[in-house]
Amino acid sequence: MNSTYTDPILDWYAANARDLPWRAPDATPWGVLVSEIMLQQTPVVRVLPVWRAWMERWPTPAALAAEPSGEAVRAWGRLGYPRRALRLHESARAITERHGGEVPSSHADLLALPGIGSYTAAAVASFAFRQRHAVLDTNVRRVLARLVSGEEYPPKAQTKAEVALAEGLAPLDPPTAARWAVAVMELGALVCTARTPRCVDCPVLAQCAWHLNGRPAYDGPPRRGQTYAGTDRQCRGRLLAVLRDADGPVEKPALDVVWSDAPQRERALDALIADGLVDPLDDGRYTLPT
């Protein structure tokens, strides 16, 4: 552990951390797990109202597991990447069946849940159970790339060197390590941002290798922003919105009117069916999965 980095960042976090419900002292491991799935590629401002509604309706894994997966998709709303809703529903069922309805504290057990990858398992183990793990999301990777490696952006794919660096920086005391993990993440979200970092507000500016090197420009592979308008993703979202807003199965014409490009629309509908997000009925109608 290098206290040159950790102490200032922990102090900064104590003074600047956002007041988020999944960080509250009474937040449940289930609430933390739900937040981590929802926050993947989705800003906090969009997640907050959906998370609150979700936790009010399904405060436990068993409550969600007792309902059809289509209800999870419906409640997911417009968060995007709706397969995450199906994975959460599958995880809720696995937690209910394998772990008596309690989110497991073991990193290995978390990793064995449906749709839970290495980042989410480490994050839940850290934030819900105060364990010591290397928690590497996009924000953390960017902070460490600049602070220690002197590079504007991390490699496109996570490397063993990044994991080793994160593990080496984590304080040895597990609760402190868990707090450090979320502190670095918050620094990346609020100060060391991707496009316009607020270096003047950084608590470790004097130690930042990227800043000390004159903030050299990124010279790796081109970083392309994601487009949305006109994509299959947008088409899928339009089709799902019809089904979410309907009280029951819908006729095909109700789907056809939301997207004028017929080949793209049919391709998107086929993909939704293949992903388990839409059920085609024998009578030609469509519904959320039951």
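Reader: Hi! How are H1 and H11 oriented to each other?
Author: Hello! In this predicted model, H1 and H11 are roughly perpendicular to each other. Helix H1 (residues 3–16) and helix H11 (residues 174–190) pack at an angle of about 70°, and their axes are 9 Å apart.

Reader: Which residues make the contact?
Author: On H1, they include Tyr 5, Ile 9, Trp 12 and Tyr 13. H11 contributes, among others, Trp 180, Val 184, Leu 187 and Leu 190.

Reader: And how do the residues of that contact divide into nonpolar, polar and charged?
Author: The contact of H1 with H11 has 12 nonpolar, 3 polar and 2 charged residues.

Reader: Switching to charges: how many salt bridges does the structure hold?
Author: There are 17 salt bridges. One of them joins Glu 71 and Arg 57, with the closest N and O atoms 2.8 Å apart.

Reader: Where do Glu 71 and Arg 57 lie?
Author: Glu 71 is in helix H5 (residues 69–76) and Arg 57 in helix H3 (residues 44–57), so the pair ties together parts 14 residues apart in sequence. Arg 57, Glu 67, Glu 71 and Arg 74 are also linked in a network of salt bridges.

Reader: Now the salt bridge of Glu 162 and Arg 141: what parts of the chain does the pair link?
Author: Those side chains meet at 2.8 Å, N to O. Glu 162 sits in helix H10 (residues 160–169) and Arg 141 in helix H9 (residues 138–149), 21 residues apart.

Reader: Is Glu 162 buried or exposed?
Author: Glu 162 counts as buried because its relative accessibility is 11%, under the 20% cut-off. Arg 141, at 10%, counts as buried too.

Definitions and conventions: Residues numbered from 1 in each chain as written. Predicted model: local features only at pLDDT ≥ 70, side-chain atom pairs only at ≥ 80, totals over all residues. Heavy atoms only, no water. Axes fitted to C-alpha atoms, helices over the stretch in contact; angles between N-to-C directions. Helix = DSSP H or I, 4+ residues; strand = E, 2+ residues; numbered from the N terminus. Parallel < 35°, antiparallel > 145°, perpendicular 65-115°, else oblique. Contact = heavy atoms within 4.5 Å. Nonpolar A, V, L, I, M, F, W, Y, C, P; charged D, E, K, R; others polar. Salt bridge = Lys/Arg side-chain N within 4 Å of Asp/Glu carboxyl O. Buried < 20%, exposed > 50% of the residue type's maximum accessible area, 1.4 Å probe, protein only.
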